[in-house]
Amino acid sequence: MAKKIKITINELTVEVEPGTSILEAARETGVIIPTLCYHKDLCVAGNCRVCVVEIVGQKRLSAACATPCDEGMDILTNSFKVRNSRKHIIELLLSEHNADCTRCYKNGNCELQKLASDYKIMTQDFIRLVPLKNYTIDQFSPSIIKDDSKCIRCQRCVRTCEELQGVNALTVAYKGDRMKIATFFEKPMNDVICTNCGQCINHCPTGALVEKNYIEEVWDAIADKNCHVIVQTAPAVRVGLGEELGYEYGSRVTGKMVAALKRLGFDAVMDTDFTADLTILEEGTELLTRLKRALVNHDPDVKLPMATSCSPGWIKYIEHMYPEYLDHLSTCKSPQQMFGALAKTYYARARNLDPEKIVSVSIMPCTAKKFESNRPEMHDSGYRDVDYVLTTRELAIMIKQAGIDFMKLGDMPFDRLMGESTGAGVIFGATGGVMEAALRTAYELVTGRNVPFENLNIMPVRGMEGVKEASIRIENPLEQWAFLDGVELKCAVAHGLINAKKVMDSILSGKSQYHFIEFMACPGGCLGGGGQPIPTSPEIRRKRAEAIYAEDLGMPLRKSHQNPEIVKIYADFLEKPMSEKSHHLLHTKYSPRERF
Amino acid sequence: MSSNYQLKRVDFIFKDEKDWKEILKNNINRPPQELINELISSELKGRGGAGFPTGLKWKLTAEVDDMTKYVICNADEGEPGTFKDREILSKVPFKVLTSMAVCGHVIGSKEGYIYLRGEYFFLQPELNKAICEFEQYCQEINFDFRIRIFMGSGAYICGEETALFESMEGKRGEPRNKPPFPSNFGYMGKPTVINNVETLAHTYTIFEFGAKRFYDLGVQYSRGSKLFSVSGDTPKPGIYELELGMSLEDFVDEFGDGDTKAVQVGGASGFLVPRKRFGETTIGFQGKLTGISLPTGGSMMLFNSSRSMYNVLDNYLEFFREESCGQCTPCRVGCQQLLNGIKAVKRGEKNALYLDKLLRLTETMQYTAKCGLGQSVANSFSSIVENFREEMIY
Amino acid sequence: MYPVSELIRNLADQHGRNRHNLLPILQGVVEQEKYLSEYSMIEIARELDLPASEVYGTATFYSFLEYKKMGKYIIRVCKTITCSMKGKNQVVKAIEDMLKISVGETTPDGNFSLLQTNCLGLCHKAPAMLINFDVYTDLTPEKVREILTNYINKKGKGE
């Protein structure tokens, strides 16, 4: 190991590994240096200059995030020069920023606002540049609002879109005073290859990128006595919501969340985990059918590997980037949309409700789900299957608006019919979860035995590695699956679209031969979704993942096919997986989009 | 106060280049260390404006172990008031090419690029012809070095060396964080020597006549001669090679129109010197000389008493506002604030004390901007506002 | 096939298809087309396998890579200090009057666009301008009218 470097920060001597930045060294030492453009998920840009520090003996200040420690450095983070400069920089940012804080969606959760408050920027000495600029707001997307007047040009969104997602919908355009964050030819986000994943929102320090919120629409529906408002909650919401309401990162608040939703006035509180379980049966059956066609019938048209289709960000990505591979997608709709289609059919029938009067709301860790619910493909119930999609953040806002003291709530269970779930449904919220859930069920379906992993925990597909691979050898299958005997089922899991790209390119190049691949648009899977509480970081996502797996382990049932409500829906309504009815309601097909 | 040094015309740079083949052949057969030592002993400093010792630059890059290295000639001459590099490339291109090749020999590089600013597109055909002839000769003497022109496309900031690399890599010309420096991590992440056109022409002089001839010119810390681009209110605008260390007074005696009010030394990113300070100002790199010594890329703009310094500053600030790459806060927003600020003061919308706030802002820009552009806006701003405050207000 | 796609393919063949070949290709398109249309940028992105946004972001950084339709002759008058001191405004006015357009506009016949640009490095011969890549210096309103007349006649002769 290389020799440690000795430096001094505010007269404290510390030793750090070579290559450590001043910012990292300071954080290790307990010295806080403010930052804006810096983000743990992203490469260092060093462009906001808020983190400047003084290195004794140097006339110029250095950006702490971008300057590596050097032996003997004597660093001051709060000298006269640093304080004055930092204040100036904050003032400059504010002069270019539409600081209309009380009317801003991010009011109270804005890093620039916090800095202004910390440094008590009380005056407006500099000239307000906002009126001189032709700032525009792009509200065309059903998921994302981009307000250039709030942008501080830290480029976190651009780096997110490029480094984490490989989408490059956003770029830096022009130079000088005209420099801005733009899409191709400044088209609306809705008209470019944006996948609506919302990672840019999660990484934006200000209100320049926010979700399009449907809070008022949902309040209106709840208030409307003629409406029956049914709500579903995605698996990842229960491990994120608490963060907005005073809990530690990765706290499990499932029961309180249900209680809060009931208090808000929803007529029925159901669980997307139920349709996650349903997805496993449909998708698992689909996979086995494809395998059979490939291995037994040697059908040249069968598309393998089969790719999951739960993540709407991933769906839009493949539509744009690999349209020729759309047939590899499972035809299953996402659990949200399966739920939506069933809410206005199965649920309406069981409760004897007029589907037209049902307002179907979903709480998602995701902004792409807003776009998904808006898709023309998603009207198979005869109505719009999901009417409103709220993010975890929007739900937290509603809970606060309603004056609910969340921490004091008791736990409540989901309503019946589509509220029961298994641990397999819960882990959909983490990267690798769909794969694990599918393997738990498929392996048992084929062999009659549990997957050969301790406690059903399929560890190789868990964790935050960008691309994970696993293979399971099928031995002694049941008679009807004899053709699978000895088959090594090869699986891959990718999260973050940049990793999806890696997997797709390795398939394209013929390097990888998989049978089944789980793709999730967001880093960490849904728990790191674009609709989850801000901030996000690898550490936070790891904690949420721990919570998800703890939730799974605590469930009495942990395999989707054991879910009694799943058994019931097949008996009462759908008949069997991949039946005509499920084809109509639960499956769909997507169409190519332009890459450029 | 008057300088001991008279204005001395020198004729090295544009002296004929007919011996370039011989000089190339001789020097690529000398050991690299010897060449580096010669450059170091000449005390040649970069002529682009920053003044980094050229010998040291070559040495640092030579010491890095890498199969691929690059030699880049920075011909993105964009500083307002500077036009010497164009003249060098059109009159004595072989000097530049020879020096690039010798540099390649010294550091172990086989590839050179000339980053030519888009405005000088018209130089390209002739320069390409010269390169062709040059490469042909290299082949003849079995010396493996190729040179290509890379055209810029209209961006002042690309003169900043790391922005220039970014631009050559097909990206926006945004300066990088430093460290790492080009000697380790330059074009395509490879060790790179990047020298200004004029610097390379001077190295040719040194290779031709030896370090001593060069060193004997100029003054301590500012050795050798330098090309000056003279423009503005002068009866003889043009390019002149002069010894470093001259006093501004002597310069104005020679080039002024008799009514010189101020001289902008070093272009928009340089300093404005008012008449009362001509005597105490010398032109060269910072050293222990008496009086103020101003480093320069060679731009000398003269203003006579008919000129409003407010308009001059306004013009500079508009230039910086547009040519800032826009990535870092102090430079992007700072330039806008300075320009709008002086306008507001001029219009009476802000009182005169606001100029002091702006002066403090330029200090912050100097301390915190990511690259030389943002850092040097303070130079012209403070020197103009401090010396011609009344012109800013009324 | 659009001729511009062919041009782009040829440029990519000539320069290469890596990111560091982007600028020469953009320049090649501008040389012929005078500007980069949405279509051109998409074709370049496709040819180089780059995100279209990256091509756009890069192109808009450079003053000489126009992304709006330009005339056959692009007049760029230097507006930096010395040219400005030496009568740039009179030159611009003369051009505006003659072509009946303002700075930033293109003549209706699509022949001339008038722009201002930053320092051309011709300060000792100020004021200066470029028409496409041809240099004109020591301008006066009279001189500039003469120059433009030549261009207009050249145009008339079907050149």
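Because eight of the eight residues of helix 4 (residues 52–59) of chain C are buried, this helix is largely enclosed by the rest of the structure; a residue counts as buried if 20 or more other C-beta atoms, placed from the backbone, lie within 10 Å of its own. The buried residues of the helix are C:Ala52, C:Ser53, C:Glu54, C:Val55, C:Tyr56, C:Gly57, C:Thr58 and C:Ala59, and their cover includes strand 8 (171–173) of chain A as well as helix 2 (22–33) and helix 3 (38–48) of chain C. Helices (H or I, at least four residues) and strands (E, at least two) are DSSP runs numbered from the N terminus. The model is predicted, with local features requiring pLDDT of at least 70 and side-chain atom pairs counted only at pLDDT 80 or more, whereas totals for chains, interfaces and linings use all residues. Residues are numbered from 1 along each chain as its sequence is written, and chains are lettered from A and ligands numbered from 1 in the order in which they are written.

Between chains B and A, 30 residues of chain B are in contact with 29 residues of chain A, contact being defined by C-beta atoms, placed from the backbone, that lie within 7 Å. On the chain B side, helix 11 (309–323), helix 12 (329–346) and helix 13 (354–368) each supply at least two residues, and helix 12 gives the most, with eleven residues. This side of chain B comprises ten nonpolar, 13 polar and seven charged residues, where Ala, Val, Leu, Ile, Met, Phe, Trp, Tyr, Cys and Pro count as nonpolar, Asp, Glu, Lys and Arg as charged, and the others, Gly among them, as polar.

Helix 12 of chain B packs with helix 2 (residues 80–96) of chain A at an angle of about 65 degrees, their axes being 9 Å apart; axes are lines fitted to C-alpha atoms, for helices over the stretch in contact, and angles run from 0 to 180 degrees between N-to-C directions. The contact involves A:Ile89, A:Leu92, A:Leu93, A:Ser95 and A:Glu96 of helix 2 of chain A, together with B:Thr329, B:Pro330, B:Val333, B:Gly334 and B:Gln337 of helix 12 of chain B, and by class it has five nonpolar, four polar and one charged residues.

In chain C, four strands form an open sheet of mixed pairing in the order 2-1-3-4. Its edge strands, each pairing on one side only, are strand 2 (112–117) and strand 4 (134–136), and the twist averages 20 degrees from one strand to the next. Strand 3 (residues 129–131) of chain C runs antiparallel to strand 4 of chain C and is joined to it by three bridges, C:Tyr136 being the bridge partner of C:Met129. Helix 6 (residues 88–99) of chain C lies across strand 1 (73–78) and strand 2 of chain C, and runs at about 155 degrees to strand 1 of chain C.

Methods:
Contact = placed C-beta atoms within 7 Å. Buried ≥ 20, exposed ≤ 12 C-beta atoms within 10 Å, placed from the backbone. Pairing = 2+ DSSP bridges.
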